[in-house]
Amino acid sequence: MSTILEQKCPNCGGAVEFNTGAQRLKCPYCDTEFDITAMPEDTSNQVEQINWNSQGAQWGAGETDGMSVYACNSCGGEIVADTTTGATTCPYCGNQVVMKGQFSGALKPDLVIPFKLDKKAAKEALKKHISTKKFVPKSFLTDNRLEEIKGVYVPHWLFTCDAIGNASYKAKKVKTWSDENYEYTETSYFDIYRSGNIGFDNIPVDGSTKMPDDLMESVEPFDLSQAVDFNTAYLAGYLADKYDVTAEESMPRANERIRQSIIDSFKETVKGYDEVENQGANMNVANGIYKYALYPVWLLNTKWNGENFTFAMNGQTGKFVGNIPTDKKAVTKASLLLGAGIGAVIYGLMWLIELL
Amino acid sequence: MTKKIFATLVAVIICFSAVISASAYTQEYVIDYADKLASSEIEELDLFAEKLESAYGVTVLFCITEGTGDVTADEFSSGTYGDYTDNENGIIIVHDDWNKTYFTFISGNAGEFLTDASVDSMIDAYDSNDSYYGGIYACYELAEEYLENGYSGGYVYDEEPLNNDTDTIGASEEKDGVSIIWLPVSLLIGLLVGFLIINGIASKNKSVKMQENATVYTRPGSMVITGSADNFLYNNVERREKPKQTEKK
């Protein structure tokens, strides 16, 4: 007696049948036959075990004495600075901040990467960044308030782990040949499976809601070998943001990047195929620990046409990022001019070809 | 007084006679040394050639001989017409009926419209006609057609197959330019390409994006593959007929 198993055909997606007598799977819709070992492993229902543990330290007595919290009444951002800091503006929205009180409470950072590049370097980098771009509105260049650029220590959660994972891929090989009358294309399909371990060190996840995540990930990477144990002395002359995204809330982003790394790294070991497409991945995290660190970032927030534009420079490496507005009129004008020129050249070439 | 009137009348008559005789003079365009043509035929063909000369300034001479003696057709023509062609725009076609050979000579601006290929086609038209008169007439008709086309700025017959259909010749004149309708089409294509290029440049103003993975944070040398399987599933073979090559006519 035959037993029917519910499995999807990798060719057409139909439910394949397993014939216990023949010990083979066969799709009743497209008649494709498979060995039992050839069926892709269903990785969708595997239970992942991801555990992260903190190494977080607490503030010692008197350690926060010289630090105050400043609040922005406009965007609600809270920054930390030493008590000697006078009136300043919010690095996220550019409005005035006011002292809220003595800093207290939150977890003490484990590490800090001190600023290596000063304000002058940051201003030069911003000028260079803008000067290399096209179609930047003139008013944006002139209205830019370079002096408002601020050094901010941005809170990050750093995740370190050994990831144990597996990933499956669907791969394709294409072979072509021909005879006197016909051209033949043979497409062979393969199910690929890889499992293994990868270690990750200090994957950063932005711990501030005020700091755009894409902006912070764009200034990566930071060199953590230059990090030092946190000391409030490093905050002198700079602003610091308190984390308002917890480590637990940051974990999904770290896991997402780890999972994609497993897919991408394992894929590099799949060789000899014309196409490789990921079908899924699973991972477990072992020895997962997270730390709290402050990363140095130079920030400039400026408004143009009622829209906020934030520029960030990695205070350690000098990598500068930030979206620059485009002058739509200039873009339209350039498109029309270039288009008319290309059109004229095309028409001229038509004439030339016709006359030749 | 009567004598004066008579003398004047005689002078007028003499002058009128001279004008009449001068206008009655017709240059010989068709020279028939072989006596193949009737005088009326020669006269008719001369008139045709004269018409060509006056309309286009090109003289078309046709000579039929029964051999050229001890000289070649080339030497014969040079000897007979050499002086004539020096300062003329025209062509000479000499047909040695005895040896069945032809010699052609083109001088001046005539070569601009009556090319070697067009003269060959004129000789073919002459040769394929049953009568000498009909042949020369057909030859002149072609000459007229080529001259007319050439002078009107149209198609100059050169190496294309002979085609007497004037409509076809007229149609080929359209090759000399691109229709104006292609101008807006070209501009439209240009604008599309220009739009794509400029927007591609403008899009570089955006440098902020999320990272895709954490590969840069991979611990060096930490990746170990513990399980690996490459399983063949199935294959498909598609067969497609090769496109047939069109046979040349």
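Quick housekeeping. This is a predicted model, so local features need pLDDT of at least 70 and side-chain atom pairs count only at pLDDT 80 or more, while totals for chains, interfaces and linings use all residues. Residues are numbered from 1 along each chain as its sequence is written, and chains are lettered from A, and ligands numbered from 1, in the order in which they are written.

Okay, cores. The largest one has 67 residues, and those with the most contacts inside it are A:Y153, A:I203, A:A240, A:I262, A:V297 and A:A312. Strand 15 of chain A, residues 275–304, gives the most to this core, with 12 residues. Strands here are DSSP E runs of at least two residues, helices are H or I runs of at least four, and both are numbered from the N terminus.

What does A:Y153 touch, leaving out residues up to four places away in sequence? A:V112, A:L235, A:Y238, A:A240, A:D241, A:L294, A:Y295 and A:P296. Touching, or being in contact, means C-beta atoms, placed from the backbone, within 7 Å. A:Y153 also has A:A240 as its bridge partner in strand 14 of chain A. That belongs to a parallel pairing of strand 11 with strand 14 (residues 239–241) of chain A, over 2 bridges; for two strands to pair, DSSP has to find at least two bridges between them.

Strand 11 of chain A has other partners. With strand 15 of chain A, the pairing is antiparallel over 22 bridges, and A:D162 sits opposite A:A286 there. With strand 12 of chain A, again antiparallel over 22 bridges, A:W177 faces A:Y184. Strands 11 and 12 of chain A form a hairpin, with 3 residues between them.

Zooming out, chain A has 5 helices and 17 strands. Of its 356 residues, 35% count as buried. And if you take contacts in chain A between residues at least 6 apart in sequence, 71% join residues at least 24 apart.

Now the interface. On chain A, 68 residues are in contact with 55 residues of chain B. The elements of chain A that each supply at least two residues to that side are strand 11 (150–178), strand 12 (182–206), helix 3 (213–218), helix 4 (247–267) and helix 5 (328–355). Strand 12 of chain A gives the most, 22 residues. By class, the chain A side divides into 28 nonpolar, 26 polar and 14 charged. For the classes, Ala, Val, Leu, Ile, Met, Phe, Trp, Tyr, Cys and Pro are nonpolar, Asp, Glu, Lys and Arg are charged, and the others, Gly among them, are polar.

What does strand 12 of chain A pair with in chain B? Strand 5 of chain B, residues 224–241, in the antiparallel sense over 16 bridges. In that pairing, A:T185 has B:E238 as its bridge partner.

Over to chain B. There's an open sheet of 4 strands in the order 1-2-3-4, with mixed pairing. Its edge strands, pairing on one side only, are strand 1 (30–32) and strand 4 (101–107) of chain B. Strands 1 and 2 of chain B are parallel over 3 bridges, and strands 2 and 3 of chain B are parallel over 7 bridges. Strand 3 (residues 90–96) and strand 4 of chain B run antiparallel, joined by 7 bridges, with B:I91 opposite B:I106.

Why call strand 2 of chain B largely enclosed by the rest of the structure? Because 7 of its 7 residues are buried. Both faces are covered, with B:T59, B:L61, B:C63 and B:T65 on one side and B:V60, B:F62 and B:I64 on the other.

The axes of helix 2 (residues 39–56) and helix 6 (residues 132–151) of chain B come within 11 Å and cross at roughly 10 degrees. Axes are lines fitted to C-alpha atoms, for helices over the stretch in contact, and angles run from 0 to 180 degrees between N-to-C directions. So helix 2 of chain B is roughly parallel to helix 6 of chain B, where roughly parallel is under 35 degrees, roughly antiparallel over 145, roughly perpendicular 65 to 115, and the rest oblique. Their contact has 12 nonpolar, no polar and 2 charged residues.

Technical notes: Contact = placed C-beta atoms within 7 Å. Buried ≥ 20, exposed ≤ 12 C-beta atoms within 10 Å, placed from the backbone. Core = buried A, V, L, I, M, F, W, Y, C linked by C-beta atoms within 7 Å.
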